[in-house]
Amino acid sequence: MLYSLLDGRSRTSTELALIGGVTPSTASVHLGRLKECGLVRAMAQGKHRYYRLGDAQVAAALEALSVVAGGQDPFKPNTPRELREARTCYDHMAGAAAVALHDRMHELGWLESSRVAGDAYEVTLCGEAMLGSLGVDIAALRQSRRRLAYACVDWSERRPHIGGALGAQLLSLALKRRWVLPHRDERRLSVTPLGRRAFKLETGV
């Protein structure tokens with residue numbers, strides 16, 4: 001189960017039970033113990049609880065063990081391609097493009113993990129300035145009643161995209177700048193050439 005989480009994605013206890021070849025109840029017991037030891041972290045989202053590796057040290061230990069024991073096959077998504085690239089997730093964007101944007105904002109130092117809440121993000125001073133230049137008023141978002149930003153597990157990529165007030169504003173920005181185009185009566189979004197450059201999809205960032 002731990003090796004299946006090495007790709008950085010999150011999985012439910014049901015999926016991990018299938019991977020481990022055990023019953024769901026047995027997997028829950030194992031995951032509870034792994035969580036107590038800090039080897040995994042759990043994130044509740046709606047009806048589901050997603051598990052991921054505790055931190056980079058756990059991944060490094062598993063990588064070292066894999067030299068002797070071998071690793072597992074990488075994650076292979078089975079989501080339809082048109083939905084996997086970009087779609088809406090409530091009022092924010094999901095899919096490969098949203099995950100790429102999430103990763104890009106972390107690379108640029110615009111976002112950082114909160115020291116208070118495990119799945120929450122804080123916008124840095126640099127991020128506030130740069131997002132402000134794009135028309136996103138972070139000060140106003142902080143005054144809203146909803147959470148500013150948090151890691152929302154992407155069900156096709158199994159890696160986080162950005163949820164919360166910031167996520168909603170980023171979707172609005174992407175639509176306004178025609179980085180993505182909506183489809184009537186569908187969740188699917190089409191990523192334009194402008195969007196591919198903005199999300200750095202060409203380089204897989």
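Mentor: Strand β1 (residues 11-12) runs antiparallel to strand β3 (residues 48-53), and two bridges join them. Strands (E, at least two residues) and helices (H or I, at least four) are DSSP runs, numbered from the N terminus, and two strands pair if DSSP finds at least two bridges between them. This is a predicted model, in which local features need pLDDT of at least 70 and side-chain atom pairs count only at pLDDT 80 or more, while totals for chains, interfaces and linings use all residues. Residues are numbered from 1 along each chain as its sequence is written, and side-chain values use heavy atoms, with hydrogens and water left out.

Within β3, Y50 is the bridge partner of T12. β3 also pairs with strand β2 (residues 40-45), again antiparallel, over six bridges. There, R52 in β3 has R41 opposite. The hairpin of β2 and β3 has two residues between the strands, and G46 takes a positive phi near 65° in this hairpin.

Next, the nonpolar cores: sets of buried (under 20% relative accessible area, 1.4 Å probe, protein chains only) Ala, Val, Leu, Ile, Met, Phe, Trp, Tyr and Cys residues joined through side-chain atoms within 4.5 Å. The largest has 33 residues, and M93, M105, L131, L166 and F199 have the most contacts inside it. Its largest share, six residues, comes from α8. Neighbours within four places in sequence aside, M105 is in contact (heavy atoms within 4.5 Å) with W110, L111, L131, I162, L166 and L170. Another core, of 11 residues, lies apart from the largest one and includes Y3, L34, L53 and V58.

Notes: Buried < 20%, exposed > 50% of the residue type's maximum accessible area, 1.4 Å probe, protein only.
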